[in-house]
Amino acid sequence: MTGRPPSVLLGVTGGIAAYKSAEVVRRLRDLGCEVTVAATPSALNFVGEATWAALSGRPVLTSLWQRAESVGHVSAARAADVILVAPATADFMARIAAGRSDDVLSAIVLMAKAPVVLAPAMHTEMWLNAATAANVALLRGRGMLVLEPDSGRLTGPDSGPGRLPAPESLADIAYCAAGAGPDRPLRGRRVVVTAGGTREAWDPVRWLGNRSSGRMGYAIASAAVALGAEVVVIASNVDLPDVAGALTLRAGSHAELESAVVSEAARADAVVMSAAVADFTVLAQAEKVKKTAGEAPVLHLRQTSDILAGLSRNRRQGRPLLIGFAAETASEPQVLIRLAAEKLAAKGCDIIVANDVSGSAVFGDDRASVLILDHDGPQLHLADEPKLIIGGAVCTVIAGRLG
Ligand code: CTP
């Protein structure tokens, strides 16, 4: 990623999910991106040009013949650090698979040297149709990142695969893809990312938990998708939109997280343990604990197993690559390095991402400062960077280690 904010060309094609493109523009702008929207004629049936123009602060490209003297499709394609098409209809994918350039957006895609990310959205039958599947395979083979659609409610009462993933997440993936360049070094790799914080119930309505929001894990997962990995997110109590193109599994407690991670690790090339896992669980009461005047209930805590250390003990030939996190209250860099190095050794993982959580400002924030260490010592220090940039750096280190 260069120092300047990424320039994103957002293509919109004619499906009902086109209305969600307005939210994509908003999130990209919040991330600091310059956004130019290019819409197909069909997309204009769903959203008015003024919506995108107002949100992006730039004119919208709607026709090859508009401002012909400036050859808009050529300059737009050259200026983009990434092209995100959301939604991408079956018809649009068929046209670009055939190399057509009969509207401004397909002409831009045909011109593109920047990474191209497609977010298909359509009815399940169209998505599963052999023609669409063949076009998707062709486009993937040519290096485009074609995200899997979400499964869920479609235009009418029906549901199934074909839904556009969350607009915020599509924007995050485009942001990461802009920084990553056209090579996708995690292509063909399976990366498992745990995110959020476990909760240990002490009666049917109460729990012991922690303040992790899951933002760091989701940022790493977004970057891994952008770098071409097949990504499984194991989310513990995360209140964020699912990561586009990734499979999300839910695990609420330490025990649920452990069983999900152990089963997913068996097929993974890398496991990133960014979740804040409870070190103690509680012997839970079956009934709600009633308050009795003057009495404080006593919670009986039991230490949990260390999931990361267990993965490390049980792996064979160094696979999967294991990345741990070290959340420490250590504002002195030397203390943070020492604590992180101790954790790296104690857990037997390959890489540790250490952060200072003094003052708890980092929880739920979009930015953080981290130190990435391996057995050779500190490798990278990122100070007050967006979590998406940190996610990209962690994934680049993973890609380097996987070779
Ligand atoms: N971790 C784990 N299982 C646990 C506790 C932590 O797998 N029972 C993982 C976390 O996901 C993280 C790393 O271990 O990747 C370090 O977690 P952290 O909370 O910083 O350290 P702890 O091992 O809990 O040690 P302490 O709380 O004493 O610092």
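**Exercise 1.** Find how many residue pairs are in polar contact between domain 1 and domain 2.

*Solution.* Start with the bounds: domain 1 covers 7-178 and domain 2 covers 190-402, as set by an automatic or database domain assignment. Next, the rule: a polar contact is a pair of N or O atoms within 3.5 Å; within protein, one must be able to donate a hydrogen and the other to accept it, and residues adjacent in sequence count only if both atoms are side-chain atoms. The count comes to 1 residue pair, both at pLDDT 80 or more. Keep in mind that this is a predicted model, where local features need pLDDT of at least 70, side-chain atom pairs count only at pLDDT 80 or more, and totals for chains, interfaces and linings use all residues. Residues are numbered from 1 along each chain as its sequence is written, and side-chain values use heavy atoms, with hydrogens and water left out.

**Exercise 2.** Work out how much area domain 1 and domain 2 bury between them, and which residues supply it on the domain 1 side.

*Solution.* Buried area is the accessible area (1.4 Å probe) that two parts lose on being put together, summed over both. Here that's about 1,100 Å², with 72% on carbon and sulfur atoms. On domain 1's side, Ile173, Tyr175 and Cys176 supply 39% of the area buried against domain 2, more than any other three residues.

**Exercise 3.** Count the residues that touch across the two domains.

*Solution.* Taking contact as heavy atoms within 4.5 Å, you get 15 residues of domain 1 against 13 of domain 2.
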